[in-house]
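Keep the structure open beside you as you read.

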Amino acid sequence: MSKKILVLPGDGIGTEIMAEASKVLRFLNNKFSLGLELEEALLGGAAIDAVGNALPDNTFALAKEADAILLGAVGGPKWDKLPPADRPEKGGLLRLRSELQLFGNLRPAILYPQLAGASSLKPEVVSGLDILIVRELTGGIYFGEPRGIRELDNGERQGFNTYVYSESEIRRIARLAFELAMKRDRRLCSVDKANVLEVTMLWREVVQDMASDYPDVELSHMYVDNAAMQLVRAPKQFDVMVTGNMFGDILSDAAAMLTGSIGMLPSASLDANNRGMYEPCHGSAPDIAGQNKANPLATIMSVAMMLRYSLGLEEPAAAIDRAVSSVLDQGIRTGDIFSDGCTLVGTDGMGDAVVAALAE
Ligand code: IPM
Ligand code: MG
């Protein structure tokens, strides 16, 4: 039976990087006769402009039906004046994550040896880096109620959000992280702010309680400020990190820089049955949108994660991994990872190079 892939390019560079990721996916679909059916729909600002809603009903219906979703990026200055709930981020992306219960966000930060020079850290500090950040994606302060901006009696405005996690939410993300750690180096670091925030005191307690189910995993706990420091001081100490929604958002951007560029970080957002949405960790980058400058590799590597995690297609996934490595070996670089002696290409040139490597 054919599998349905919903493609949501979104806004800004989303359309450009998705064109390249689709190119790669279509090529593999033919080469390996995967029988994938690609369908495209609107999400975010593009959907607001077209139909007045960041997550149109038909996009949502297709998303519920799809076997997997590929997403580019959403948002941009054009829609920043809208009420928060209607913006591309909250009304489109976060609603989709939440409605589909995609609580498990996997963000692998891997340093390709060819890019050691592009990292912001010294090569000896980052060479061989292979971290998996497991970010809780449908709870925490991103979704907690009450939230808003209210007026106080003295006429001053006050913004407020609520940071909440229930035990079951903590348990399911921790279980996913323990299971993933079992398949890797069996070291799990849970990141919290348990010296101050009650919600993460509970987080730490629940994660610690689960450790007895995974005697082979070495569990540690770290405060988020220290974790941020350790990521830029000695990142190779980490194997799998598990944390809440907001801390994971921040730490994964920091980890991305270690790999040379945020344009190199793919992600998978999974529900309890491994159905998922796959997207680069970077945003819509309005400053370079439409200029053929964006690095499509994070999205192309997200395609590999999709094939692997949601579709169980290891062979084409591994082919993408090898093709990306081969392109980097050839010195082909977009601007964000460029260094002297390399060949500078645009977004489309990078996509073409990956397809050419796949064709070999
Ligand atoms: C990410 C992004 C999103 C987030 C934004 C666009 C809402 O930064 O996926 O990391 O904060 O989750
Ligand atoms: Mg982010």
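Which strands and which helix each supply at least two residues of the lining of the second largest pocket? They are strand S4 (104-110), strand S5 (130-136) and helix H10 (297-309). Helices (H or I, at least four residues) and strands (E, at least two) are DSSP runs, numbered from the N terminus.

A word on the source: this is a predicted model, in which local features need pLDDT of at least 70 and side-chain atom pairs count only at pLDDT 80 or more, while totals for chains, interfaces and linings use all residues. Residues are numbered from 1 along each chain as its sequence is written, chains are lettered from A and ligands numbered from 1 in the order in which they are written, and side-chain values use heavy atoms, with hydrogens and water left out.

**The two pockets**

A pocket is an open set of points on a 1 Å grid over the protein atoms alone, where a 1.4 Å probe fits and protein lies on both sides within 12 Å along at least five of seven lines; lining residues have an atom within 4 Å of a point. A volume is the space filled by probe spheres set on the points, which are joined across faces, edges and corners.

| Pocket | Volume | Largest share of the lining |
|---|---|---|
| Largest pocket | about 480 Å³ | H4, five residues |
| Second largest pocket | about 360 Å³ | H10, five residues |

In the largest pocket, 22 residues form the lining, and Val 74, Glu 89, Leu 93, Leu 94 and Tyr 142 lie nearest its centre. Strand S3 (68-73), helix H4 (88-99) and helix H9 (245-258) each give at least two residues to that lining. By class, the lining of the largest pocket holds nine nonpolar, three polar and 10 charged residues, whereas that of the second largest pocket has 11 nonpolar, no polar and five charged. Here Ala, Val, Leu, Ile, Met, Phe, Trp, Tyr, Cys and Pro count as nonpolar, Asp, Glu, Lys and Arg as charged, and the others, Gly among them, as polar.

**The ligand**

Ligand 1 sits in the largest pocket (more than half of its atoms lie within 2 Å of the grid points). Around ligand 1 are Glu 89, Arg 97, Arg 107, Arg 135, Tyr 142, Asp 249 and Cys 281, each with a heavy atom within 4 Å of it. An N or O atom in the side chain of Tyr 142 is 2.5 Å from an oxygen atom of ligand 1.

Technical notes: Polar contact = N/O pair within 3.5 Å; in protein donor to acceptor, adjacent residues only side chain to side chain.
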